[in-house]
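Colleague: I've got the model open and want to see how the labels follow from the numbers. Can you take me through it?

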Amino acid sequence: MSITTNVATFIRTRYHGLVSFLALFIVWSAVSHYELVSAEYLPSPPAVAKAFVKVIKSGQLGVSLGSSLVRIAEGFFIGTTLGFLFGVAMGVSATAERLFAPLFNALRQVPIIGWIPLIIVWCGINEPSKISFISIGAFFPILLSTFEGIRSVSKSYLEVAQVFEYNRIKLLRKIVVPGAVPNIVSGIRLSMGTSWLLVVWAEINTRSAYGIGDLLSSAGDGKKPDIAFVCIIVIGIVAFLINELFGHLEARLSTWRKSYR
Amino acid sequence: MKIQLLKNKLTGLIIPLVLYVAWDLLSRYELVPSTLMPPPKVLFETWWVMQSSGELLLNMKMSLLRVGAGFLVGASSGFLLGTAMGLWKPVEQYLNPVFNFFRQVPVVAWIPFLLLWLGIDEWFKIVFISCGAFIPMTLKTYDGIKNVPASYLEVVRVFEYGWFRLLRTVIVPSALPSIFTGLRLSLSEAWMLVIGAELVAAGEGIGNVMVIARRLFQTDVVLVGVIVIAITGFAMDRLLGLLETRFLGWHRTQNAQ
Amino acid sequence: MERLGTLEVKNLSKKFRSRNDELTVLNDINLTVQPGEFISIIGSSGCGKTTFLRLVVGLEKGYEGEILLDGQRLNGPSLKRGVVFQDHRLLPWLSIEKNVGMGLKDAKSDESRKAIQEHLELVGLKGFEKHYPHQLSGGMSQRAAIARALVNRPGILLLDEPLGALDALTRMYMHQELERIWKQEKITMIMITHDVDEAIVLSDKIVVMSSRPGTIKKIIPVPLARPRDRASYDFVKIKEEVLEEFQLHTEHPFTYTI
């Protein structure tokens, strides 16, 4: 199949959506062109495009995105590692579950943004506070999905393992963890998504160094809606990519589950 | 059986108890500065002062009113859009791609624009909360309607149902569990966002109490705030959960099997 | 209301088209079902028997040939034909009486209430009106599904492996029940099954289908007096005849009788 026919089928199957986007774009262009809303409040499409080029050329966007991603990577790493470990422990051992479940259930009730003021009091407004905030956000989804994944491994498989006299390590490696992988990956996707929006929250609340959230809020303060718009688009695209990437991973790692059903 | 159950429950208290004792000892002997970690006793006192002065109630009332308004607007419009996309093909075809596009942008990213357009007053907060509540509600309503089992629809085709009866007997009951999930997600999102909005923009509210306290390094007040918002969030979710069991008895028992 | 139901199927063919393939599922089916007859359609899986049933119900569209009910060409599903699916498909959020009343125009009228009550009694579910589907066993759910299909007094009842999911003993009991209902209601029944015994116990005629494409291989009449004795010589003889169509018969028919 040639590219043109591919494009043709794409347009044929998706044209409704394209029509909507086109309509939206036209309305946006018209409103800003005829200055129905002043450019101070709603930047025109060309202004946004210009701002895009500007922030890319000046390196502002790259640096901001880069430092946000580094923060995510650190916070995500700490949060998921801890969450995974606790999840496995609680999934495997009933005693660990009894010990920790009430504590984590209580902590989980705090709306995640509610931690911000406390963390700032404890860790200041620099890197450590942002990273711990993201860690907390990344911790809970992984904890829950690992725990549930392990608990969802059917008892009948465990009985099979018993018949073959697997020891604990082998049981964990051959049956429990592989059985829980689809859940764990969906937990990773969730915590990655959460981390991405929490980094923006953290940066908005503790403005200091570079970051996509900093760029966004300083654009808002400095009455530069065009740059704010660019940030929104970039934030949306990154969120979309994270979701897609981990979604594919999830689908890939859980194929056995689908074909099994 | 009962003793075992009690023992299980008590095991859960070990770690919180250890943490509590450690916290008490550390702060009592000033191993950790009390500005960072006020002793539990101080926390209770702070809570009592905030409670009896009416400060806590007033600010909670403001936050709850905002959540109420934002949740009402966001969840009901989400319900409408989700229903429309689920039931009418053209609406789905034209609006679902747009919805999916905007859904990718976390609501927090809109803050500068909303501030620019609406100022830092009530309007900003309510619109912001509505946007957050809108998304999960739309998604779950749409999902619920789209996932009505085809086998049930076939049964009904044989009975030659009209539009309304089809909706009432099959589609609504079948979508209801998912819609309830949407409500709960939407409410907890709203509760989180009201705190977020109050952190960013001044005005009364429990989030604002916490911001001011953190600027003044009143760790005790911040901690009380954290505990209060956690309990409130939990209580609101429980309330919806109770409503759900009340209305969806068949669903619970069926799943329990 | 006169209960009619002469079903005529003439030169029926059905093809499924995928993007570049065409699969003939049913080929040149001819069958006449007299009012009040009990017909079983038997065949290995994939022979198109379910497709045939769905065509008669009207859930499947687009066919060649003709399906006539009392001389009228079928056009979509209708209250004149009741269906019982293999999975009972009771709506989990409705009580049994509401499930049974699903096909009635106004389920609250006195007349409807009476019809629901009668049909619950017919299938032996009196006293379970207020129960919910998850509280019923498999056999009871299937009875409720039968009551639901019968409540608007259709001319034909179509059964798609209605007892397929039940255990052997419950199934034998349900055979008796189904026969009783059929006699009492004087209704035409067409049942799909892959249980040879079931077909012989219940039917006036057995339609044996072969697969790829689905065609009628043979129509075997069952001229035995009812209720039928599974161990009788004639019964085993007919079973032999049916199994022969699947190349499954043995030289010692009596080894089958348990």
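**Chain B and its helix α9**

Modeller: Chain B has 11 helices and 0 strands, where helices (H or I, at least four residues) and strands (E, at least two) are DSSP runs numbered from the N terminus. This is a predicted model, so local features need pLDDT of at least 70 and side-chain atom pairs count only at pLDDT 80 or more, while totals for chains, interfaces and linings use all residues. Residues are numbered from 1 along each chain as its sequence is written, and chains are lettered from A and ligands numbered from 1 in the order in which they are written.

Colleague: What makes chain B more spread out than a compact globule?

Modeller: Its radius of gyration, taken over C-alpha atoms, is set against a globule rule of 2.2 Å times the number of residues to the power 0.38. For 257 residues the rule gives 18 Å, and chain B comes out at 23 Å, well over that, so it is more spread out than a compact globule. The C-alpha trace spans about 75 × 60 × 30 Å along its principal axes.

Colleague: Why are α8(B) and α9(B) called oblique?

Modeller: Angles under 35 degrees count as roughly parallel, over 145 as roughly antiparallel, 65 to 115 as roughly perpendicular and the rest as oblique. Axes are lines fitted to C-alpha atoms, for helices over the stretch in contact, with angles running from 0 to 180 degrees between N-to-C directions. Helix α8 (residues 163-200) of chain B and helix α9 (residues 206-215) of chain B pack at about 45°, their axes 7 Å apart. The two helices are therefore oblique to each other. The residues that make this contact are Val194(B), Ile195(B), Glu198(B) and Leu199(B) from α8(B), with Ile206(B), Gly207(B), Asn208(B) and Val211(B) from α9(B); a contact needs C-beta atoms, placed from the backbone, within 7 Å.

Colleague: And what makes α5(A) roughly parallel to α9(B)?

Modeller: The axes of helix α5 (residues 115-123) of chain A and α9(B) cross at roughly 5° and come within 9 Å. That angle makes α5(A) roughly parallel to α9(B). Pro117(A), Ile120(A) and Val121(A) meet Met210(B), Val211(B) and Arg214(B) there.

Colleague: Which pair of chains has the most contacts?

Modeller: Chains A and B, among the 2 pairs that touch. Here 42 residues of chain B are in contact with 42 residues of chain A. The largest share of the chain B side, 8 residues, comes from α10(B). That side divides into 33 nonpolar, 8 polar and 1 charged.

Colleague: How far apart are chain A and chain C?

Modeller: Their closest C-alpha atoms lie 14 Å apart, and no contact joins them.

Technical notes:
Ala, Val, Leu, Ile, Met, Phe, Trp, Tyr, Cys and Pro count as nonpolar, Asp, Glu, Lys and Arg as charged, and the others, Gly among them, as polar.
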